[in-house]
Every structure is written in structure tokens, then in C-alpha cells.
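Keep the 3D view open as you read.

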Amino acid sequence: MTALVYRRILLKLSGEALMGEGTHGIDPDVLERFAHEVQALVEAGSQVALVIGGGNIFRGAGLAARGMERVTGDHMGMLATVMNALAMQDALERLGLAAPVMSALQIDQVCEGYGRRRAIKHLECGRVVIFAGGTGNPLFTTDSAASLRAIEVGADVLIKATKVDGVYSADPVTDPTATFYPRLSYDQVLQQDLRVMDTTAIVLCRDHAMPLRVMNINETGALLRLIRGEDVGSLVVS
Ligand code: UDP
């Protein structure tokens with residue numbers, strides 16, 4: 001077995017990544033593909049924790065802009081992340097992996113509540129831990145939840161999976177002059193407003209020296225190459 005550079009990882013998947021070419025919801029084929037990517041990491045000996053967003057189903061800010069109480073909207077958004085987490089759990093279990101969902105919101109009939117020590121125990125036992133419900137607080141995002149959980153469980157790296165190859169000076173989809181940054185600092189992300197993750201998430205990573213990798217989730221096998229030490233995507237460090 002090849003030695004791993006990153007033994008314990010936290011992978012952040014946006015809800016939108018799950019909808020594939022659709023406009024909302026979950027594409028079962030995409031879900032299965034992600035589950036296979038995660039399976040390859042586990043088989044390589046990595047301990048994998050996931051944080052999944054909810055933007056493919058619901059974002060609190062969306063209806064708040066049209067009059068809904070923001071906190072209510074955010075509660076709905078957090079519940080959306082639980083739905084995505086259950087879908088991912090199901091996909092992973094169908095591949096024979098143990099994948100407990102730990103929610104920041106108490107929903108005892110549906111999944112476990114979050115507990116740091118139990119989460120670490122699950123990881124040590126080779127289970128894929130899926131953190132749901134974001135931080136459990138309104139006005140935060142699942143990016144911040146990913147930074148928080150990565151720090152709490154002592155991940156070696158936080159991997160933010162996106163639709164592009166890493167961090168660019170501008171959106172490469174709409175701006176052909178955008179330059180790619182293979183390596184950059186947290187402060188550069190903040191000062192240039194590079195929108196890698198929200199400010200809270202970046203500041204948490206910076207203040208707790210959590211290395212952040214930004215990579216393309218649609219490149220099959222890239223995650224495995226990354227944990228084995230290949231320079232995949234962009235690296236954000238001090
Ligand atoms: N959310 C929240 N607190 C959290 C995490 C998420 O209130 O700690 C809510 C918020 O309404 C957010 C929604 O859940 O819009 C879905 O999360 P996010 O937008 O981060 O999902 P993603 O963009 O990653 O799919």
C-alpha cells in the first residue's frame with residue numbers, strides 16, 4: 001500500500017455537486033460516483049469525514065430575501081443537509097462501507113447526534129463519518145461547518161471539492177483571463193476576495209493552521225492521487 005500524505009481527511013461537498021446536470025435535487029448516478037471515489041480513499045487506508053451542503057435543496061438566504069424569517073430559512077437549510085447526508089450514507093452503505101451520519105441538530109430517530117469523541121472513534125474504526133446539519137446554528141454555512149469539524153477531529157487536510165480545478169484569480173468559467181493559483185495563503189484569499197470559502201471558514205483554517213485543498217470533484221481518481229501526495233488542485237496555507 002502506498003504511504004499516504006493525508007491520513008485523515010475532511011471532504012466538503014456542496015449540495016450543488018450532487019445535482020449533476022440537473023437544477024435541483026440529487027442525481028443518483030453522481031451520488032454513486034462520489035461514493036466510489038470515497039470507497040477508493042478508504043481502501044487506500046484513509047480516514048474520511050464528509051460535510052455535505054444543502055444548496056441543491058434549500059438555502060436559508062433564498063427565501064429570506066423574499067420575506068421569510070432568516071433563522072427559519074436556515075433551519076430548513078440545515079435540514080436539507082441532513083437529507084443529502086442520508087442519501088450519501090445510503091450510497092456508501094450499498095458499497096459495503098459503514099457510514100454513520102452525525103447531525104449537529106438532534107434528530108434521534110434519523111441519525112446520531114454529533115459528538116467529537118465518537119466521531120474520532122468512528123474514523124479510527126474505518127467508518128466514513130458524514131457530518132450533517134452544518135454547525136447547528138443559523139447564519140453559518142456548511143463551509144464553516146467543514147472548517148470547524150476538520151479542526152475538531154484533527155484532520156490532516158480540509159478538501160473543498162468544487163466544479164473547477166482549484167483557485168483562480170476570477171471565475172474561469174466566465175473569465176478566460178483568470179489565472180490559476182497552485183499555492184496561496186489564507187490572507188491572499190481574504191484580501192483578494194477569492195471566494196474559495198466564506199470568510200469565517202477561511203479565518204478558522206488560518207487561525208488553526210488547517211491546510212486547505214481546493215480541487216475538481218469531477219476529475220475521477222483525483223482525490224486518491226491527492227491523498228497519495230500528488231499536487232492536485234490548489235493548496236491554501238499560511
Ligand atoms: N446552514 C445554516 N447553518 C450552518 C450550515 C448551513 O444555517 O451551519 C443553512 C443555510 O441556510 C445554508 C443551508 O443550510 O444556506 C445550506 O448550506 P450551504 O449553503 O452551506 O450549502 P452548499 O452551498 O454547500 O450546498
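Helix 3 gives the largest share of the shell around the ligand, 6 residues. Bear in mind that this is a predicted model. In total, 24 residues surround the ligand, and the closest are Gly53, Gly55, Gly60, Gly77 and Gly134. The elements that contribute two or more residues to this shell are helix 2 (60-64), helix 3 (70-94) and helix 5 (142-152).

Just after helix 3, Gly96 adopts a positive phi of about 90°.

Now turn to the annotation. An unreviewed UniProt entry lists several residues under "binding site", including Gly54, Asp74 and Thr141. The listed positions are spread over 89 residues of sequence, yet they cluster in space, with a largest C-alpha distance of 14.2 Å.

Two of these are worth a visit. Gly54 sits in the loop between strand 2 (47-52) and helix 2. Gly54 is buried because 28 other C-beta atoms lie within 10 Å, and among the residues it touches are Gly77 and Thr142. Thr141 is found in the loop between strand 5 (129-132) and helix 5. Thr141 also counts as buried, with 23 C-beta neighbours inside 10 Å, and its contacts include Gly134 and Asp198.

Finally, look at the largest nonpolar core, which has 66 residues; Leu10, Leu50, Ile130, Phe131 and Leu158 touch the most other members. Leu158 touches Leu10, Ala146 and Met210, among others.

Definitions and conventions. Residues are numbered from 1 along each chain as its sequence is written. This is a predicted model: local features need pLDDT of at least 70, side-chain atom pairs count only at pLDDT 80 or more; totals for chains, interfaces and linings use all residues. A residue is near a molecule or strand if its C-beta atom, placed from the backbone, lies within 6 Å of it. Helices (H or I, at least four residues) and strands (E, at least two) are DSSP runs, numbered from the N terminus. A nonpolar core is a set of buried Ala, Val, Leu, Ile, Met, Phe, Trp, Tyr and Cys residues joined through C-beta atoms within 7 Å. A residue is buried if 20 or more other C-beta atoms lie within 10 Å of its own, exposed if 12 or fewer, and partly exposed in between; C-beta atoms are placed from the backbone. Two residues are in contact if their C-beta atoms, placed from the backbone, lie within 7 Å. UniProt positions are given in the numbering used here, feature names are shortened, and annotations may be inferred rather than shown by experiment. Lists of a residue's contacts leave out its neighbours within four places in sequence.
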